[in-house]
Amino acid sequence: MNEKVIFVVSQIDTVFLERFLFVLKEKIQNDCIKIHVMIQSKGGSVPIALAIGRLLKNLNVPVTTYNMGNVDSAAVMIFAGGQERLCFPQSSFALHPLSQDITGVKSSDEFKAILHEIESDTARVTDFLAEQTNISSDEWRRRMNARQHLNVKDSVEIGLATGVLSEYPEALKSSWEIF
């Protein structure tokens, strides 16, 4: 039995999802007793990141997520999925309102459908973040709309991070799977 480390550094998209799920399944099947997910990501697909965050939250194996420097945009949902969520002193989180490319939209009905999708995704994201932290969905929405950057102190105060590390834990020095 052992602990496994996954390092997330890429864009969160379908290619990332397939690789992440493959490695996660392999690690869980090989008597893994704890999973460490180290994150340094600018984000990507909101639905994929939210699905991964919920998956991590509900695994039968304890998961610790780490902000290795910058966890931005959709990557915040993956970070929030850890039961234990740790940062280093200079870590930060970048929040912003959700958006979609509207290039090629030709009708008001298409535009309304995109707006509805953005609003639905925003509700799912803010509800998940509220479940994992000390602040409400409405407060998450306000912070996203303000394009807020959270430092370590702020992230601990609101419960996004559960602690701050001064050095790498031994488990993080083992072999990594990098995405």
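Reader: Where does T65 sit?
Author: T65 has its place in strand β3. Strands (E, at least two residues) and helices (H or I, at least four) are DSSP runs, numbered from the N terminus. This is a predicted model, where local features need pLDDT of at least 70 and side-chain atom pairs count only at pLDDT 80 or more, while totals for chains, interfaces and linings use all residues. Residues are numbered from 1 along each chain as its sequence is written, and side-chain values use heavy atoms, with hydrogens and water left out.

Reader: Ok, so is T65 buried or exposed?
Author: T65 is buried, because its relative accessible area is 0%. Buried means under 20% relative accessible area, exposed means over 50%, and partly exposed is in between (1.4 Å probe, protein chains only).

Reader: What does T65 touch?
Author: Leaving out residues up to four places away in sequence, T65 touches V37, I39, L56, I78, F79, G82, E84, R85 and L86. A contact here means heavy atoms within 4.5 Å.

Reader: And what does the side chain of T65 reach?
Author: The T65 side chain reaches the backbone oxygen of F79 at 2.7 Å.

Reader: Which residues of α2 are buried?
Author: V46, I48, A49, L50, I52, G53 and L56 are buried in α2. The cover over them includes α1 (14-29), β2 (32-41), β3 (63-72), α3 (75-80) and α4 (108-132).

Reader: Why would some residues in a helix point the same way?
Author: An α-helix has 3.6 residues a turn, so residues three or four places apart point the same way.

Reader: At what angle do the axes of α1 and α2 cross?
Author: They cross at roughly 15°, and the axes come within 10 Å. Axes are lines fitted to C-alpha atoms, for helices over the stretch in contact, and angles run from 0 to 180 degrees between N-to-C directions. So α1 and α2 are roughly parallel to each other. Angles under 35 degrees count as roughly parallel, over 145 as roughly antiparallel, 65 to 115 as roughly perpendicular, and the rest as oblique.

Reader: Which residues make that contact?
Author: From α1 they are T14, F16, L17, F20, L21 and L24, and from α2 they are I48, I52, L55 and L56.

Reader: How far apart are the axes of α2 and α4?
Author: The axes of α2 and α4 are 11 Å apart, and the helices pack at an angle of about 25°. They are therefore roughly parallel to each other. On the α2 side V46, P47, L50, G53, R54 and K57 take part, meeting D121, R124, V125, F128, E131 and Q132 in α4.

Reader: What about E131, what does its side chain do?
Author: E131 is found in helix α4, and its side chain makes a polar contact with the side chain of R54 at 3.4 Å. E131 also touches K57, not counting residues up to four places away in sequence. E131 is partly exposed, as its relative accessible area is 44%.

Reader: What covers the buried residues of α4?
Author: The cover includes α2, α3, β4 (84-87) and α5 (137-145). Among the buried residues of α4 are I114, I118, D121 and F128.

Reader: Last one: what's the phi of S73?
Author: S73 has a positive phi of about 55°, although it is not a glycine. S73 lies in the loop between β3 and α3. R147 has a positive phi too, near 55°, and is a residue other than glycine. R147 is in the loop between α5 and β6 (149-151), and counts as exposed because its relative accessibility is 55%.

Terms used
A polar contact is a pair of N or O atoms within 3.5 Å; within protein, one must be able to donate a hydrogen and the other to accept it, and residues adjacent in sequence count only if both atoms are side-chain atoms.
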